[in-house]
Amino acid sequence: MSEHFVSATPASAAATVTTTATVANGLTRRGFLATAAIGATGLAAAFAGCAPSNTGSATSGSGDATATGARSEGPVNVEEDLAAGITVEETIDADVVVIGGGASGCMAASLAAENGAKVILVEKSNTLGGCFNLSFSATTWGYPYAPEGQGKFELNPFIKDWVANSHWRCDPSVIRQLLVNSGEAYGWVADHGFELMFLSFFGSDMLMLPDYALRPTTWRKIVDDVVVAKGGGQLLTETTAKKLLTDASGAICGVIAESDGKGVQINCKAVSISTGGYAGNPEMVLEASGFGGVNGSLPQNIGEGLKMAWAVGATKPINFGGLMLHQTLAKATNDLVPILEPFPAKYPMISTYLPMTLDVGASGVRFRDESQILDPVAAANSSAFQGAFHYKVFSKKILDTLQSEGLVGIGQMTKPGLPPEFQPEYAPETPWTDVYEVFDKMVELGFGYKGDTVEELAKNAGMDVDIFTQTFASYESFCATGDDLQFAKDAQFLLPYGNQGPYYIVVAEINNLGTWGGLLTNLNYQVLDDNRLVVKGLYATGSEAGTNLYNDTYVGSGIGLCNTVTSGYLCGKAMAAFVK
């Protein structure tokens, strides 16, 4: 996404900051649920003439060159009937149904309504905005409210790097379309009530989102105004879509949803799957990717949208299982924050972002150049490759220096790039007062380990003692010579540990900001089947439509939010054109 709590801008990075004026557009707050019952029917009638089919009806708009289109034989059960046992008590007619009220769903619904479609937006919770509400910034190109002379970075090098980082298993035409329309899409967002801050750094342009608390209500105002009041549609909150309906030709003809035990059938010509992926379904994540770490996404995102789409013939791409691994977290943080002052409570968290300390896995084997922690995506993926957690090692010499001189004493001259949500107020030269007491409390709570010797530390942490002691000795020799013969870490990050205890381990985990992909789409955000033909009337936005953008790993800062808003913007227009 950027990314929930994307890493803070380093102090050395020059950034241009401009506040975008908010255009009110006469928005008014309306009721949270607009309903208009048209009729009622039984479940048998709901399925009459809507038999599932796997056949498509048109060719892909993005061509057949990309390798992401072949079907993956994944373990997820798509035969499950999510609508089993539901009796339809109400029938509603519409042109378009958008399943999921995150940012991409709100955009798809709003743009479809703005372009003449009658839209029903279905959201299982009572809050709109989804993961957008937890995120920090979005990459954009061509933002209309950027300062004069800014807002259009060099696209071609950016796209070439993107494609190479995805190992060429993506669709450059989809990437280009996304970027060139992102500024216009975010301009629409700004025009409809969001105040955004323009940032230009690191060769691209980003928009910082407004205060977290303002986002859900702003999305609600947009939907109430554009979809309901002006478009004649409805917003159904606390309503969960359960099944897609198709006619005899295989085209989408409706949705079965459920709210408070009551079944609702919505007849329509087009449906967008905008359900936010499956990061809240740990079993599905583990089966698809092997990742067992922290879910930083919303718990309600459990993969129902993907299962519904697969059940009517959508293909499961070969890169299914992609994740947005983007942050390193200290397990101790949540338990320390309520009992300590803000800065000491974050000692373990800050510790996990130091490039000069040793990183080992559960067995005691060093697994990377620790300076990879300076890049949040590299840090997360290199750690997740060896397991759901890793250990950061500290010695008496290092902790003594932190306690007396702060971070500058060990060569960390700027504040590490923690996610903004976790960044306390302090300076690099601020002494780490009571650091031993904090680390001891961490150990007491079960989120770290302590030993008076290297061997005792290994034993207490459950590592192989021989492996860890050899790892530690080798690393100390690299520090002594300034030459990392294992991972070639720069000499400036080789910090000697000394030979005195106590020694400590901080347990670090990797945060998955969400899942990526699951449906293959074309340039119009139409969902494709195994033969790369469209499932007529089926669309997807947001994370579900990310298959063409990346391989199995999300590698772009701010692209998640770029995709969230822009895919909904483009998909909404496409659906409105389709149903006319």
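**Helix crossing and sheet packing in the predicted model**

Helix H4 (residues 172-191) and helix H16 (residues 559-579) have axes that come within 8 Å and cross at roughly 80°. Angles of 65 to 115 degrees count as roughly perpendicular, so H4 and H16 are roughly perpendicular to each other. The structure is a predicted model.

Residues from both helices build this contact. On the H4 side they include Leu-178, Leu-179, Ala-185, Tyr-186 and Trp-188. Among their counterparts in H16 are Ile-559, Leu-561, Val-565, Tyr-569 and Leu-570. Gln-177 and Glu-184 of H4 also take part, as do Asn-563 and Lys-573 of H16. By class, the contact of H4 with H16 comprises 12 nonpolar, six polar and two charged residues.

An open sheet is formed by six strands. Their order is S8-S4-S3-S12-S20-S19, and the pairing is mixed. Strands S8 (234-236) and S19 (526-528) stand at the edges. Each has a single partner strand, so one side of each is left without a neighbour in the sheet. From one strand to the next, the twist averages 30°.

Leu-121 has Leu-235 in S8 as its bridge partner. Strands of a sheet pair through backbone hydrogen bonds, either parallel or antiparallel.

Helices also pack on this sheet. Helix H5 (residues 215-230) touches S4 and S8. The direction of H5 makes about 135° with that of S8. Helix H2 (residues 103-114) lies across strand S3 (96-99) and S4. H2 runs at about 170° to S4.

How values were computed
Residues numbered from 1 in each chain as written. Predicted model: local features only at pLDDT ≥ 70, side-chain atom pairs only at ≥ 80, totals over all residues. Heavy atoms only, no water. Axes fitted to C-alpha atoms, helices over the stretch in contact; angles between N-to-C directions. Helix = DSSP H or I, 4+ residues; strand = E, 2+ residues; numbered from the N terminus. Parallel < 35°, antiparallel > 145°, perpendicular 65-115°, else oblique. Contact = heavy atoms within 4.5 Å. Nonpolar A, V, L, I, M, F, W, Y, C, P; charged D, E, K, R; others polar. Pairing = 2+ DSSP bridges.
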